[in-house]
Amino acid sequence: MIIERAGGAEALAALDGRARGRDAWSVSRFEALIDDERYRLTGIAATGTQTLTAFAVVSIGPFDLELEMIAVDPDHRCQGLAGRLITAMIEQGEALGLERILLEVRAGNEAAQALYIRYGFSVDARRAGYYPQAAGEREDAILMSRPLTR
Ligand SMILES: CC(C)(COP(=O)(O)OP(=O)(O)OC[C@H]1O[C@@H](n2cnc3c(N)ncnc32)[C@H](O)[C@@H]1OP(=O)(O)O)[C@@H](O)C(=O)NCCC(=O)NCCS
């Protein structure tokens, strides 16, 4: 895994906790990701600081790049940080000659779906009850993809 400009498992887990609450990954899960060469991580620090404000994790397959996670600190949202990370991911996939970017998102996560549509993703399918919810309930996943020009 490559960490550009900002990162470290503890900083990543702390930011993920602020961004996603109970869904956030643990420090040990981020440590395992950092040690796994299948994954790439890009972080953005606040201007003039080393404070992590946004990050994205992707996995790279033979044909596709998959967005595993994107998170922006609640205090730094709506400033284009996620857009910068998505743009970097598209450029990375194109540089590698890959065909598509794939992702899954909770059906109720309207902000993330709007982000993905803004950057050229479209809906491929819906997977019923894919995500666990509070109180034993389940939430559907929306499967999206974006073609890459090679
Ligand atoms: C979704 C998330 C990553 C967006 O980050 P962000 O840095 O605020 O997004 P940007 O400022 O780059 O916005 C880019 C586009 O996304 C869309 N968007 C972002 N937030 C939105 C919101 N709350 N409502 C509607 N559209 C939104 C808009 O189309 C926006 O384009 P515009 O600025 O031209 O209107 C952020 O809200 C977040 O971290 N959420 C929690 C984690 C999460 O849900 N991750 C995705 C699932 S893994």
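How many residues lie between E6 and E7 in the hairpin that these strands form? In this predicted model, five residues separate the two strands, and Ala135 in the turn adopts a positive phi of about 60 degrees. Strand E6 (residues 122–132) runs antiparallel to E7, with seven bridges between them, and Val123 is placed opposite Met144 in E7. E7 (residues 138–147) also pairs with strand E5 (residues 100–106), again in the antiparallel sense and over seven bridges. In this pairing, Leu102 faces Ser145 of E7.

A further hairpin is formed by E3 and E4, with three residues between the strands. Strand E3 (residues 52–60) and E4 are antiparallel and are joined by seven bridges; Ala56 stands opposite Ile70 in E4. The pairing of E4 with E5, by contrast, is parallel and comprises three bridges, with Asp64 opposite Arg100 in E5. The chain passes from E4 to E5 by way of H3, giving a right-handed β-α-β crossover.

Helix H1 (9–20), strand E4 (64–72), helix H3 (81–95) and helix H4 (110–118) each contribute at least two residues to the shell around the ligand. The greatest contribution, five residues, is made by H4. The shell consists of 13 nonpolar, four polar and three charged residues. Of the 20 residues around the ligand, those that come nearest are Arg77, Ala82, Ala111, Ala114 and Leu115.

Technical notes: Residues are numbered from 1 along each chain as its sequence is written. This is a predicted model: local features need pLDDT of at least 70, side-chain atom pairs count only at pLDDT 80 or more; totals for chains, interfaces and linings use all residues. A residue is near a molecule or strand if its C-beta atom, placed from the backbone, lies within 6 Å of it. Helices (H or I, at least four residues) and strands (E, at least two) are DSSP runs, numbered from the N terminus. Ala, Val, Leu, Ile, Met, Phe, Trp, Tyr, Cys and Pro count as nonpolar, Asp, Glu, Lys and Arg as charged, and the others, Gly among them, as polar. Two strands pair if DSSP finds at least two bridges between them. A crossover is right-handed if, with the strands pointing away from the viewer, the path from the first strand over the helix to the second runs clockwise.
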